[in-house]
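Please read the points below with the sequence and the model open side by side.

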Amino acid sequence: MAPTITPVSFAATAFDYLIAGGGTAGLTLAARLSENPQTTVGVIEAGLDRTGDPNVLTPGFAPVMWENPDYDWIFKTVPQKHGNNRIVGHPRGKQLGGSSAINFDYWTHASKQDIDHWGELGNSGWSWEALLPYFLMSEKYNPPPKNVTEQVDTTFIEPSVHGLEGPVQNSFPPFYDNFYRSWEPTYKALGLGPTGDPKAGTAIGAYTTLLTIEPKNASRSYAGNAYYKPNAARPNLLVLTGALVTKVVFANSKKPLVAIGVEFAFEEHTYTAFSKLEIILSAGSFQSPQLLELSGVGDPGLLRSLGVDLLYANHHVGENLQDHLLVYLGFEAATGEETFESLRNASYFAQALSDYTARHTGPLASGTCNAYVSFSQILTALKKGTILPETDNAQVPKKAQKHHDKAYELTLRKLLDPHEAASQEVYLPGAVVPALAANASALFTPSPTDYPNNYFSLLTVLEHPLSRGSVHITSSDPTVYPAIDPNYLSHPLDLYVVSQATLHLQQVARTPPLSTHLRDNGQVFQSGYYELNEENVEAFVKNSFSSEYHPIGTCAMGPQKKGGVVDEKLKVHGTKNLRVVDASIFPLQVRGNLASLVYAVAERASDFIKSDQ
């Protein structure tokens, strides 16, 4: 879809606020800031408006968009030196709505401790209680209908902790396969049933997972159609698509720096748009630090080496990258089970598509579910003690050690807490091929020649990593992607924790009723996987890991002397009116998927911005 405003007209507009990035956070901000008809808000987004695209709206089509430049930035990590030089692809949404348009629709939540720990890192005013109203503000919870409660357990839900009037719809999916119906009973058999509603901030266990699906038609609810479309006709909200922000423009010789506009590229031309009040970067954990560095805010040595004029020195820009490392374990499904591979059959796909378009149900309207498991629960299930192995920080970069000792302390506190999740365990009804991790689409859609049967995959996600990486520019050219180095498994404790969690997956697969839906009760692996034990599991992890695609922390909130890039109101240190609002400001990784937290932080940021004017 073509932009509704020309770049010339956009650049000629006198804005109060300019937002770089029309993704999850950017569109949330745009909707809230433009509520005041006297305030003019501009959004610049590199992708297009795809709010009517079936690939976006159909829950089961998410991987179709990955590695497709019409929808996805197609980022890749550098080879991972602690993981056999593996390269991991990172899908990031390139369209209005950002990654909320291409994710798996999970509506999961950080824990109370996760957010309280942000405050303990020196961010005054940040706590679970302070953020809770903003979680509620973004959410429209839809209670389960009878046909859902007859198939799966939803009794853990506490309606009082869910929002009822927000823009983002969430609901329980209308269709459940045999694996889904077996999920919670299997974990209950292992003593890992839900301890309450995870939305309340303390519960763990396996539970039926809410998805960001509009229940009336089983379509994706996301920033594009929840925050933007209902407000697109506002005359004071202008959105330019197909344009790449290339740098922030600052007033000459002002200290602190005063942001007055942004440069952006549209087709073959460069333009400058100006803002009277604030500039907000909402370009995500890879591109917000890139924009800061391109604009002269960052490590002096790096910027000078690339010919970028230094305006403000902050060595922490682009540092502190944390991500949810993920490991798969694949099995052959029992005869007759329906999986992603079933969609290869033309008649099955035609029926699934008909079920979805005509009746808003079937496998294309479905999702999968989730379990939060503490490290002590994993060790107990594996009949081990609860003592952590001897580790040190020898492999952790000295820069990270210096500025993140408190963060490491808080992470270890959660790891030892029997009520905090160390692992998020998830299933996918289909094959996943770890050797293809560099290509996120191929990872989930392997060749039918090589994988001709039906498969089932279990996933474990390292919720609170100790490893720290970085994102930095390698060129002054804004079209050159930054070097993305999550530095996976650089801390030895990460390897130990995720290895034990992977052994736990093997146990889950062989526990009924789930095991009854796998070939020979979970004894037959998908090609490329094999029986794991203490002797071989760490080597398997190093050669098989991927990502849950949840990068955070590269413009971390906190005092600059403690590694911060933005302050507690999300203003960039050294500037008067430049903020960053997206997952890059999260100083410490949280459990679960990030979308609900990004919405909440953006909702709160809009109040910060309004209160400053």
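The numbered points below begin with the basis of the note and then go through selected helices, strands and loops.

1. Basis. The model is predicted: local features need pLDDT of at least 70, side-chain atom pairs count only at pLDDT 80 or more, and totals for chains, interfaces and linings use all residues. Residues are numbered from 1 along each chain as its sequence is written, and side-chain values use heavy atoms, with hydrogens and water left out. Helices (H or I, at least four residues) and strands (E, at least two) are DSSP runs numbered from the N terminus.

2. Helix α8. This helix covers residues 178-189, 12 residues in number, and reaches 17 Å from its first C-alpha to its last. That is close to the 16 Å expected at 1.5 Å a residue, where the expected span is 1.5 Å times one less than the number of residues. At its start, a side-chain oxygen of Asp 177 comes to within 3.1 Å of the backbone nitrogen of Phe 179. Just after α8, Gly 191 has a positive phi of about 80 degrees.

3. Buried means under 20% relative accessible area, exposed over 50%, and partly exposed in between (1.4 Å probe, protein chains only).

4. A sheet of 3 strands. The open sheet has the order β16-β21-β22, with antiparallel pairing; two strands pair if DSSP finds at least two bridges between them. Its edge strands, β16 (319-321) and β22 (483-485), each pair on one side only. From one strand to the next the twist averages 35 degrees. Between β21 (residues 469-472) and β22 there are 3 bridges in the antiparallel sense, and His 472 has Ala 483 of β22 as its bridge partner. Helix α10 (residues 284-294) packs on the sheet and touches β16, β21 and β22, its direction making about 55 degrees with that of β21. Contact means heavy atoms within 4.5 Å. Axes are lines fitted to C-alpha atoms, for helices over the stretch in contact, and angles run from 0 to 180 degrees between N-to-C directions.

5. Ser 295 is found in the loop between α10 and β14 (297-298). Is Ser 295 buried or exposed? Ser 295 is buried, at a relative accessible area of 5%. Not counting residues up to four places away in sequence, Ser 295 touches Lys 247, Val 248, Phe 250 and Leu 311.

6. Strand β10. In this strand (residues 237-241), 5 of 5 residues are buried. In a regular strand the side chains alternate between the two faces of the sheet. Both faces of β10 are covered, with Leu 237, Val 239 and Thr 241 buried on one side and Leu 238 and Leu 240 on the other. Strand β2 (residues 41-45) runs parallel to β10 and is joined to it by 5 bridges; Gly 42 stands opposite Leu 238.

7. Helices α6 and α19. The axes of α6 (residues 128-138) and α19 (residues 595-611) come within 8 Å and cross at roughly 110 degrees. That makes α6 roughly perpendicular to α19, the class for angles of 65 to 115 degrees; under 35 counts as roughly parallel, over 145 as roughly antiparallel and the rest as oblique. Residues in the contact include Tyr 134 and Phe 135 of α6 and Tyr 599 and Arg 604 of α19.

8. Helices α17 and α18. With their axes 9 Å apart, α17 and α18 (residues 537-544) pack at an angle of about 100 degrees; they are therefore roughly perpendicular to each other. Among the residues that meet are Leu 495, Tyr 496 and Leu 503 in α17 and Val 537, Phe 540 and Val 541 in α18. In the loop between these helices lies Pro 513, which a cis peptide bond joins to Pro 512, with omega about 10 degrees.

9. Glu 267 has phi near 55 degrees and lies in the loop between β12 (259-266) and β13 (269-281). Leu 489 has phi near 65 degrees and lies in the loop between β22 and α17. Glu 267 counts as exposed at 67% relative accessibility, whereas Leu 489 is buried at 6% relative accessible area.

Terms used:
A polar contact is a pair of N or O atoms within 3.5 Å; within protein, one must be able to donate a hydrogen and the other to accept it, and residues adjacent in sequence count only if both atoms are side-chain atoms.
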